[in-house]
Amino acid sequence: MAAARKHKRVAASQPGFLPIKSGLDDDGIANLGRRKRVNKNKKKNWNKHSDIQDVEEFLEDVRLQQRATGGLIADKPDESLFFVDTGAKKSVPKPEAVKKDKRSKPLRIDLILQPDSHVPAPKDILAYQRPNAKKLRRMTERAEKMAAMGMLTRRQKLLQLRKTVQPQVKEKPLSSKDPARSFYDLWSAGSPDSADPYYLEQTKKKLVKRPEKLNEKPSILPAVEVIGPGGSYNPDFLSHQTLLLEAHEVEVKKVKAEEKLERKLAINRMDIATEESIFNEQIEGLIEEDEGEEMKEAEDSKDAAIGPTAQPEKKTERQRKREKAERIKELRRKAQRKMLNSRQQLFQLRSIGVDLKQRELRTKARQMKRKAKQEAQKTLPRRLGKLRFQAPDLEVQLSDELAGSLRTLKPEGSILKDRFKSLQKRNLIEPRERAKFKRKHKVKYVEKRAFREIQ
């Protein structure tokens, strides 16, 4: 508000400002400097003791000048505001030209719809923006740099390679309007398999080939799994005990997993620092070691470092010949041994055959085991997302909770949760968690005026 008043006073005090409305006079300008002393610490006194009528009149006058003339009149040149009347006779247009002008005169409704404001429309920044403009500019700069060096970009190389390779033109089938096509009897008893492809497509006799992958189910589990007989409302004793045993094994596995985690996270008492170990760490490096031991260690290191280096002596010609003869003898001995082993294998054909049969049996056993493992994995949920599938709790009632009739039966579980878990188990959707609400903005606490006044 103060900035608007200051702007108004400065603009009104300038000699070049020409207001269109006569709302501002010398008395009004003189009264701008006066200010009524009112306590405006409270909000209720703002509108009561603040007079902004003069500021609003000034701003409305400025807006009116911008709409009418496209800017302030004081800033306009004299040529745009005045003209010199030389008294020259105006040329009388010909009647044909008058007729043409009348014909080309716009309609009244078009004149009403035209804007009467001289204020230019705001610049649409989004119209000048281009997606990935920075990336495209870098790509063009790199292409220009490579062109200056006489090199081609990867895109240009691919385009040249595509031009050199001649594409294979497929033969188009004859259209239904082509006179050279073959005709057939529509009302014949035989099937029109020999008809043109257009007829088969229009009559829906030629279907789109469905990919075989779409026919495979992601899991072999049934859509609805029926609970065992022990889950009935009035089961027999053995079936109910079997179901209780199954639920007991599930709970035992959970307890063992928790105990294993606690053991891994348990603190080892031997690793806890004692007062003695803390004191030894604090005084480490402060107490000087025995000088005699230091001297002894220095002498040992000096003796070890200054020892004579062993240099190999140069071999004589006789030694080289002897080593060569020994190498030749060793190679001949290995060749003879290999030939002898191959001859001995002729007498071991029976044992070799037994070994091959045992190896084949082991290979078949591994293949069967691998196939059984793959079949077992088909019934298990796969890892489709970042979360693992958590099996739902087994719905079971204790012996004292069993109901004798459907009328006294208590409902358990949820059909919606059961279907949701079934979709996850059959690999149709990934396991999910409930979305957590996260507040975007911080909560701001404001004391009300009534409470502040009480304080």
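# Close-up views of a predicted helical chain

**Figure 1. Overall composition of the chain.** Among contacts (heavy atoms within 4.5 Å) between residues at least 6 apart in sequence, 62% join residues at least 24 apart. The model is predicted, so that local features need pLDDT of at least 70 and side-chain atom pairs count only at pLDDT 80 or more, while totals for chains, interfaces and linings use all residues. Residues are numbered from 1 along each chain as its sequence is written, and side-chain values use heavy atoms, with hydrogens and water left out. The secondary structure comprises 17 helices and zero strands; helices (H or I, at least four residues) and strands (E, at least two) are DSSP runs, numbered from the N terminus. The accessible surface, from the Shrake-Rupley method with a 1.4 Å probe and, for residues, with only the protein chains shown counting as cover, comes to about 44800 Å². Carbon and sulfur atoms contribute 55% of this surface. Of the 455 residues, 9% count as buried, where buried means under 20% relative accessible area, exposed over 50%, and partly exposed in between (1.4 Å probe, protein chains only).

**Figure 2. Nonpolar surface patch at Ile 109.** Leu 107, Ile 109 and Leu 113 make a nonpolar patch of about 350 Å². Patches consist of residues with over 30% relative accessible area and no salt bridge, with like charges joined within 9 Å and nonpolar side chains (Val, Leu, Ile, Met, Phe, Trp, Tyr) within 5 Å. Ile 109 belongs to helix H6 (residues 108-113) and counts as exposed because its relative accessibility is 53%.

**Figure 3. Helix H11.** Helix H11 (residues 237-265) has 29 residues, which should span 42 Å at 1.5 Å a residue; the expected span is 1.5 Å times one less than the number of residues. The end C-alpha atoms of H11 are 42 Å apart, in agreement with that value. The buried residues of H11 are Ser 239, His 240, Leu 243, Leu 244 and Ala 247.

Figure 4. Asn 45, in the loop between helix H2 (26-30) and helix H3 (53-69), is buried because its relative accessibility is 16%. Leaving aside residues up to four places away in sequence, Asn 45 touches Asn 39, Lys 40 and Ser 50. Asn 132 lies between helix H7 (125-128) and helix H8 (133-148), in the loop, and has a positive phi near 55° although the residue is not glycine. With 55% relative accessibility, Asn 132 counts as exposed. Phi of Asn 427 is also positive, near 60°; this residue is in the loop between helix H16 (415-425) and helix H17 (449-454) and is buried, at 7% relative accessible area.

**Figure 5. Salt bridges.** The count comes to eleven salt bridges, each defined as a side-chain nitrogen of Lys or Arg within 4 Å of a carboxyl oxygen of Asp or Glu. Glu 317 pairs with Arg 320, the closest N and O atoms being 3.9 Å apart. Both residues lie in helix H14 (residues 317-344), three residues apart, about one turn of the helix. An α-helix has 3.6 residues a turn, so residues three or four places apart point the same way. Arg 320 is partly exposed, at 41% relative accessible area. The side chains of Arg 432 and Glu 430 meet at 3.2 Å, N to O; Arg 432 is partly exposed at 47%, as is Glu 430 at 31%. Elsewhere, salt bridges with shared partners join Glu 60, Arg 63 and Arg 67 into one network.
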